Amino acid sequence: MVMSFNLIRTLIGLEILIKVATLFIVLAGHVTGNTALAQALVVTLIVIEVVVMVVAGGLVLCIYRSNRTINANELVNRKG
Amino acid sequence: MLLMAIVWTVMTPRLLRSVVGLAAVSVILSMIMFYMDSPLAAVFELSVCAGLIPVIFFTTISFTQRVGQEELIERKKIIFRQYVYLPIILAVVAVVMLLSKPVVDFVFPTAPVVQDVRKVLWDDRHLDLLGQIIIILAGALGIVALFKETKK
């Protein structure tokens, strides 16, 4: 999904990747018994995830406003 | 169940359904986190990732172009071509994992003393909190810069 030409689908694929990383951090914390540190790291990761998604969403909107498309294939073919 | 939700999110041709699938993935993940004795992370995941982020995606999708019927049919064909072998591959991997015996016996270490999450977050990981504040400020400034109206 990250390889999709649709920019929003790319963001959704990135979201899934981050969730898998979150799951592995929680799993590692559960296995080692250090759930407090794992939760602290997950909270940090979620905050960063939200900020990245908000800025990326704003970028997609700006790209759509200037190019009237969110297809990355069409954006590459533009000159300038 | 998490895998099924992820596969559905990836394979569905409609964007809105993908976002709903993403929210479902977040809900299932938060349930897994509750089960793994991580309630704070589960609450954050449920409230932020299952609530706020789908709203951001819905807002972004609502401001972008509506997909036509022909493009939707074309997209369904592309998805079918890309993912037709996925169930077969998953079934083969599951059979191989069930039939093969583990080479290494994983010995999990004994659990250390359980610490309070708040103590770890505020005392041990205070630099992480500073980083979060800086990133939030950077994100807010970035959004302001992106949507700033230029004087003509």
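Two residues are taken to be in contact when their C-beta atoms, placed from the backbone, lie within 7 Å, and that is the sense in which one part is said to touch or cover another in this tour of a predicted model.

Begin by selecting chain B and colouring it by secondary structure, which comes to 7 helices and 0 strands; followed from the N terminus, the elements run α-α-α-α-α-α-α. Of the 152 residues in this chain, 19% count as buried. If you turn to the contacts in chain B with a separation of 6 or more, 42% of them are accounted for by residues 24 or more positions apart.

Next, select residues 15-35 of chain B, which form helix H2. At 1.5 Å a residue, the 21 residues of this helix should span 30 Å, and because its end C-alpha atoms are 30 Å apart, the model agrees with that expectation. Within H2(B), show the side chains of the buried residues, among them Leu15(B), Val19(B), Leu22(B), Val25(B), Ile28(B), Leu29(B) and Met33(B); Ser18(B), Gly21(B), Ser26(B) and Ser30(B) are also buried. Just after H2(B), stop at Asp37(B), which takes a positive phi of about 60°.

Now move to chain A and select H1(A) with helix H2 (residues 35-67), two helices that pack at an angle of about 175° with their axes 9 Å apart. That angle is over 145 degrees, which makes H1(A) roughly antiparallel to H2(A). On the H1(A) side of this contact, pick out residues including Leu7(A), Leu11(A), Ile18(A), Ile25(A) and His30(A), and on the H2(A) side residues including Leu37(A), Leu41(A), Leu45(A), Met53(A) and Ile63(A). By class, the contact of H1(A) with H2(A) has 16 nonpolar, 5 polar and 2 charged residues.

Finally, display both chains and select what lies between them: 48 residues of chain B are in contact with 42 residues of chain A. On the side of chain B that touches chain A, at least two residues each are supplied by H1, H2, H3, helix H6 (117-124) and helix H7 (126-146), and the largest share, 13 residues, comes from H3(B). Coloured by class, this side of chain B has 33 nonpolar, 10 polar and 5 charged residues.

Notes: Residues numbered from 1 in each chain as written. Chains lettered and ligands numbered in written order. Predicted model: local features only at pLDDT ≥ 70, side-chain atom pairs only at ≥ 80, totals over all residues. Helix = DSSP H or I, 4+ residues; strand = E, 2+ residues; numbered from the N terminus. Expected span 1.5 Å × (residues − 1). Buried ≥ 20, exposed ≤ 12 C-beta atoms within 10 Å, placed from the backbone. Axes fitted to C-alpha atoms, helices over the stretch in contact; angles between N-to-C directions. Parallel < 35°, antiparallel > 145°, perpendicular 65-115°, else oblique. Nonpolar A, V, L, I, M, F, W, Y, C, P; charged D, E, K, R; others polar.
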